[in-house]
Amino acid sequence: LLFFPFTYPHNPEYIQEVKQKVTEYGLKAVYFEHFLDVSQLFLLRQATDIFIHVQPTDASSGTLYEYILCEKKIINGAWIQYPEIILNGVKPYFEVDDLNHLNQTILDVYHAKPIQFDPHLISYLAKKRWKVVIKDWDKFLSESLPVR
């Protein structure tokens with residue numbers, strides 16, 4: 001069963017294209033097209049066996065971090081690099097180098113044992129939470145902006 005979180009940005013043409021492909025290949029899928037609150041996101045993450053993260057670009061994916069924290073298997077596009085989370089040379093995700101190889105990569109990852117990543121990665125990711133970084137942003141903005 002495939003999950004497709006189409007919560008943002010909302011692109012009706014893309015969503016319809018994905019739905020057509022799923023139907024064409026005879027796959028089963030659930031589509032999330034509305035905003036998911038934190039508890040719904042947590043349940044989605046927990047219900048996931050393999051998170052496939054192969055978008056063209058990304059700027060430090062909070063979603064990727066959340067799947068790592070949930071200790072899920074992750075397939076990441078090799079063109080998207082996260083050097084800040086590679087500890088002791090271990091990437092906390094599997095990689096696919098080309099979308100044409102995704103089908104075989106999914107099978108390989110399904111049969112693979114979970115990656116044993118450095119336990120310090122969890123504490124590093126915990127420091128990236130919004131409740132933690134908001135304090136630094138507040139301090140930065142209060143020191144940088146002129147007082148009115």
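These questions and answers concern the aromatic rings of a predicted model.

Visitor: What is the mean pLDDT of the chain?
Guide: The mean is 88, and 93% of the residues reach 70 or more. Confidence is highest in strand β5 (residues 94–96), at 98, and lowest in helix α6 (residues 130–144), at a mean of 71. Where pLDDT is low, the predicted coordinates should not be read in detail.

Visitor: How many aromatic pairs are there?
Guide: The count comes to seven.

Visitor: Why is the pair of Phe-3 and Phe-32 called edge-to-face?
Guide: The ring centres are 5.9 Å apart, and a pair needs them within 6.5 Å. The planes stand at 70°. Edge-to-face means over 60 degrees, so the pair is edge-to-face. Phe-3 belongs to strand β1 (residues 2–5) and Phe-32 to strand β2 (residues 29–32), 29 residues apart, so the pair links distant parts of the chain.

Visitor: Why is Phe-32 called buried?
Guide: Its relative accessible area is 18%. Buried means under 20%, so Phe-32 is buried.

Visitor: What makes Phe-3 partly exposed?
Guide: Its relative accessible area is 29%. That falls between the 20% and 50% cut-offs, so Phe-3 is partly exposed.

Visitor: What makes the pair of Phe-4 and Phe-6 stacked?
Guide: The centres are 5.7 Å apart, with 10° between the planes. Stacked requires under 30 degrees, so the pair is stacked. Phe-6 is buried, at 8% relative accessible area.

Visitor: Which residues do ring pairs link into a cluster?
Guide: Phe-4, Phe-6, Tyr-14 and Tyr-31.

Visitor: Where does Lys-19 lie?
Guide: Lys-19 lies over the face of Tyr-31, at 5.0 Å from the ring centre. The distance cut-off is within 6 Å.

Methods:
Residues are numbered from 1 along each chain as its sequence is written. This is a predicted model: local features need pLDDT of at least 70, side-chain atom pairs count only at pLDDT 80 or more; totals for chains, interfaces and linings use all residues. Side-chain values use heavy atoms; hydrogens and water are left out. pLDDT is the predictor's confidence in each residue, from 0 to 100. Helices (H or I, at least four residues) and strands (E, at least two) are DSSP runs, numbered from the N terminus. Rings of Phe, Tyr and Trp (its six-membered ring) pair if their centres lie within 6.5 Å; planes under 30 degrees apart count as stacked, over 60 as edge-to-face and the rest as tilted. Buried means under 20% relative accessible area, exposed over 50%, partly exposed in between (1.4 Å probe, protein chains only). A charge sits over a ring if NZ of Lys or CZ of Arg is within 6 Å of the ring centre and within 35 degrees of the ring normal.
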